[in-house]
Amino acid sequence: MIRVVIVDDHPALRAGLRAVLDAEPGIVFAGESTGEEEHIWPLLNRSRPDFVLLDYHLPRGDGLQLCYRIKTDVPAPRVVLFTAYASPTLALPALLARADGVLDKGLGARELFEAIRRVHGGERLVPPVSRTVLEEGVGKLDSEERAIVGMLLDGASDREVADTLRIQPRDVRHSVRRILSTLRLEVPVTTAG
């Protein structure tokens with residue numbers, strides 16, 4: 001069974017996802033959150049999900065930052081950024097946040113189930129980072145941040161980056177959070193009507 005937690009601020013979307021997940025054999029709905037800090041961590045600690053379907057754009061938070069924090073937990077669940085704004089430009093920050101995938105909210109139920117199973121099985125569903133996206137992204141960063149991005153994209157852990165740069169792991173985490181803020185894509189805010 002794949003235990004899935006949904007983190008999204010839209011109640012109708014969470015309810016719809018819960019209904020389709022409950023109907024799918026082998027996938028179990030394990031809980032939901034709006035993404036607010038006081039709710040997400042108790043939920044994750046209590047439910048210990050295998051998989052987190054995480055909204056990229058949270059009105060009172062940041063899906064990238066939350067993804068990065070979740071992925072530093074041991075054992076970390078698979079985390080997929082679930083967004084209506086899926087685009088190739090999201091690949092770089094998603095990889096740096098250690099997302100296991102980026103999925104468009106417009107996916108049909110069958111495609112969603114397949115993606116959950118593939119990511120749960122170890123496949124990464126993040127689009128490749130194009131040369132243009134990489135150049136534009138690192139162009140916004142200072143030299144130490146560019147070095148950190150290069151090492152992380154090569155698969156280095158925070159500890160390995162810290163050892164190489166002779167800094168503390170907490171400094172690497174702080175730098176990654178700053179890099180994610182710099183690379184965050186601004187999306188239009190919509191209001192429910």
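Start by selecting Arg184 and Tyr56: the charged end of Arg184 sits over the ring of Tyr56, at 4.8 Å from the ring's centre. Keep in mind as you click around that this is a predicted model. If you go on to look for aromatic pairs, a search of the whole structure finds zero of them.

Five of them make an open sheet with parallel pairing, in the order 2-1-3-4-5. Which strands stand at the edges? They are strand 2 (27–33) and strand 5 (101–104); each has a single partner strand, so one side of each is left without a neighbour in the sheet. Turn the view to look across the sheet: on average, neighbouring strands are turned by 25° against each other, direction ignored.

Now zoom in on residues 51–55 and 78–83. These are strand 3 and strand 4, which run parallel and are joined by five bridges. Pick Val52 in this region, and you will find Val79 of strand 4 opposite.

For the last stop, select helix 7 (residues 143–153) together with helix 8 (residues 158–165). Their axes are 10 Å apart, and the two pack at an angle of about 135°, which means helix 7 is oblique to helix 8. The crossing of helix 7 past helix 8 is right-handed. To see the contact, display the side chains of Glu144, Ile148, Met151 and Leu152 from helix 7, and Asp158, Val161, Thr164 and Leu165 from helix 8.

Key
Residues numbered from 1 in each chain as written. Predicted model: local features only at pLDDT ≥ 70, side-chain atom pairs only at ≥ 80, totals over all residues. Heavy atoms only, no water. Phe/Tyr/Trp six-rings, centres within 6.5 Å; stacked < 30°, edge-to-face > 60°. Lys NZ or Arg CZ within 6 Å of the ring centre and 35° of its normal. Pairing = 2+ DSSP bridges. Helix = DSSP H or I, 4+ residues; strand = E, 2+ residues; numbered from the N terminus. Axes fitted to C-alpha atoms, helices over the stretch in contact; angles between N-to-C directions. Parallel < 35°, antiparallel > 145°, perpendicular 65-115°, else oblique. Left-handed = near helix turned anticlockwise from the far one by under 90°. Contact = heavy atoms within 4.5 Å.
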